[in-house]
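Subject: The two-chain model, with notes

Hello,

Here is the structure I promised to send over. Please have it open while you read, as my notes follow it element by element.

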Amino acid sequence: MSSQALINYSLYLADNTLILAQRNAEWCGHGPILEQDIALTNISLDLLGQSRSFYQYAATLINEANPSATPVSEDSLAFRRDVYDFKNILITELPNGDWGNTILRQFFFSAYQFLLYQQMKQSSDATLAAIAEKSLKEVTYHLRWSSEWVIRLGDGTEESHDRMTSAVENLWSFTGEVFEAAPFEKDAVEAGFGIDPASLKSAWLEKVTEIFTEATLAVPPSGWMQTGGKTGKHSEYLGFILAEMQFLQRAYPDASW
Amino acid sequence: MASVTDISTAHVWDLLEAVTDPEVPVLSILDLGIVRDVKVENNHAHIVITPTYSGCPAMDVISMSIRMQLLSNGFKEVSITQVLSPAWTTDWMTEAGKEKLRAYGIAPPNPTQQVCNTKLFADDEAVQCPHCNSWNTRRLSEFGSTACKSLFQCNDCHEPFDYFKCH
């Protein structure tokens with residue numbers, strides 16, 4: 001029970017960071033200016049690194065729990081699972097949209113990660129705590145960078161302000177899912193190593209309100225929120241992401257450099 | 001009297017001095033401060049390393065280089081473990097390493113962690129130009145060519161340069 005809860009929880013953290021890393025990486029070579037192209041791909045790389053740590057841990061736990069089964073690896077977990085196996089929140093798989101939309105999503109996600117890792121640093125599970133401690137330093141940079149861009153664009157020109165307003169409308173209903181505990185998160189909290197996502201919500205909203213105020217953007221009223229990603233019910237977009245990301249390992253299983 | 005194990009442990013540390021960071025080849029992995037522990041039992045060397053950044057692509061190359069260096073120097077077995085905690089910090093970089101960076105044209109990390117917080121639009125850190133030593137420099141971007149660097153330009157000699165950012 002406890003082992004399965006830890007596996008699911010690690011996979012959830014891994015899937016979130018992998019899918020957002022993959023989405024952000026689509027900007028590589030397409031950023032508005034070189035420095036910001038590099039910034040976003042650096043963030044993508046940090047997220048990919050974090051996802052590797054979580055997948056490696058999940059793989060170790062899975063193999064320990066099923067010693068007679070074919071061993072899994074970080075690669076098989078990333079490249080051989082299908083849409084309904086992925087637990088990532090829906091916001092990570094949405095198309096990038098314009099630069100403002102991408103930035104706003106990164107800000108929403110970094111603000112959440114910043115709070116999550118601060119708690120997880122004290123997790124009773126030593127590996128999760130170590131990954132959180134390591135990643136928090138990186139996320140601090142992501143949060144500062146994305147906050148500054150939300151302000152710059154929100155409080156920028158008329159066009160940038162309008163685009164940010166559209167991005168808020170587009171993304172807002174996808175911001176609630178992360179705070180609604182899935183069954184595996186409830187198990188993780190019960191087992192003592194997981195963080196109750198609902199406990200992060202008010203601090204997250206406070207951060208968003210602080211930055212939005214500075215950015216002259218209105219915080220939408222809380223309303224109906226999209227859910228499903230955590231339990232494998234994804235939008236049509238995830239299948240396309242996996243089709244591209246997993247192609248090589250699907251077509252040429254176990255191919256290596 | 002030093003035991004055989006002590007001597008071989010010291011020998012391994014010496015050998016690791018020759019293993020360099022593939023992305024900043026003037027720095028040895030000891031200069032970087034990423035080797036956390038060395039243990040030697042008989043002909044088996046056990047090395048503990050920690051990544052600079054979670055996604056640092058150099059770590060796999062560094063692990064391979066450590067293995068090759070020790071195997072080619074007579075060790076029969078080499079095991080390498082990665083640990084994440086305590087998290088690597090630029091404070092672990094040696095003074096010799098910082099000098100090598102400067103000579104290579106990369107500004108070394110400042111000693112105090114001035115910018116590792118979420119304060120917005122903070123004043124640029126005072127970073128010294130590695131080319132003309134001027135302090136009159138400005139940050140172009142806090143993300144650079146690799147995860148561990150940010151991009152600066154000198155207002156005096158106008159040369160752009162990498163800054164190994166504090167972490």
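This is a predicted model: local features need pLDDT of at least 70, side-chain atom pairs count only at pLDDT 80 or more; totals for chains, interfaces and linings use all residues.

**Chain B, overall**

Chain B holds 4 helices and 9 strands. Read from the N terminus, its elements follow the order α-β-β-α-β-β-α-β-α-β-β-β-β. Along the principal axes, the C-alpha atoms of chain B fill a box of roughly 55 × 30 × 30 Å. Of the 167 residues in chain B, 36% are buried. Taking the contacts in chain B with a separation of 6 or more, 54% of them link residues 24 or more positions apart.

Strand 4 (residues 44-49) and strand 5 of chain B run parallel and are joined by 6 bridges.

**The four-stranded sheet**

Chain B also has an open sheet of 4 strands, again with mixed pairing, in the order 6-9-8-7. Its edge strands are strand 6 (106-107) and strand 7 (137-141) of chain B, each of which pairs on one side only.

Strand 8 (residues 149-154) of chain B runs antiparallel to strand 9, with 5 bridges between them. Within that pairing, B:S150 has B:Y163 as its bridge partner, and B:K149 stands opposite B:F164. Strand 6 of chain B pairs with strand 9 in the parallel sense, over 2 bridges, and here B:A107 stands opposite B:Y163. So far as burial goes, strand 9 of chain B is mostly covered, with 4 of its 5 residues buried.

The hairpin of strand 8 and strand 9 of chain B has 5 residues between the strands, and B:H158 in this hairpin takes a positive phi near 70°.

**Helix packing in chain A**

Two helix pairs in chain A are worth a look. In one of them, the axes of helix 2 (residues 34-65) and helix 6 (residues 126-154) of chain A come within 11 Å and cross at roughly 165°. That angle is why helix 2 of chain A counts as roughly antiparallel to helix 6 of chain A. Their crossing is left-handed. From helix 2 of chain A, A:A39, A:I43, A:D46, A:Q50, A:S53, A:F54 and A:Y57 meet A:T127, A:I131, A:S135, A:E138, A:H142 and A:W145 of helix 6 of chain A. By class, the residues of this contact are 6 nonpolar, 5 polar and 2 charged.

In the other pair, the axes of helix 5 (residues 99-120) and helix 9 (residues 201-214) of chain A come within 10 Å and cross at roughly 135°, which means that helix 5 of chain A is oblique to helix 9 of chain A. This crossing is right-handed. A:F107, A:A111, A:Y112 and A:L115 in helix 5 of chain A meet A:A203, A:W204, A:K207, A:V208 and A:I211 in helix 9 of chain A. The residues of that contact divide into 8 nonpolar, no polar and 1 charged.

**Where the chains touch**

The contact between the chains involves 25 residues from chain A and 20 residues from chain B. On the side of chain A that touches chain B, the elements giving two or more residues are helix 2 and helix 6 of chain A. Helix 6 of chain A gives the largest share of that side, 15 residues. By class, the side has 10 nonpolar, 7 polar and 8 charged residues.

Best wishes

Definitions and conventions. Residues are numbered from 1 along each chain as its sequence is written. Chains are lettered from A and ligands numbered from 1 in the order in which they are written. Axes are lines fitted to C-alpha atoms, for helices over the stretch in contact, and angles run from 0 to 180 degrees between N-to-C directions. Angles under 35 degrees count as roughly parallel, over 145 as roughly antiparallel, 65 to 115 as roughly perpendicular and the rest as oblique. A crossing is left-handed if the near helix is turned anticlockwise from the far one by less than a right angle, and right-handed if clockwise. Two residues are in contact if their C-beta atoms, placed from the backbone, lie within 7 Å. Ala, Val, Leu, Ile, Met, Phe, Trp, Tyr, Cys and Pro count as nonpolar, Asp, Glu, Lys and Arg as charged, and the others, Gly among them, as polar. A residue is buried if 20 or more other C-beta atoms lie within 10 Å of its own, exposed if 12 or fewer, and partly exposed in between; C-beta atoms are placed from the backbone. Two strands pair if DSSP finds at least two bridges between them.
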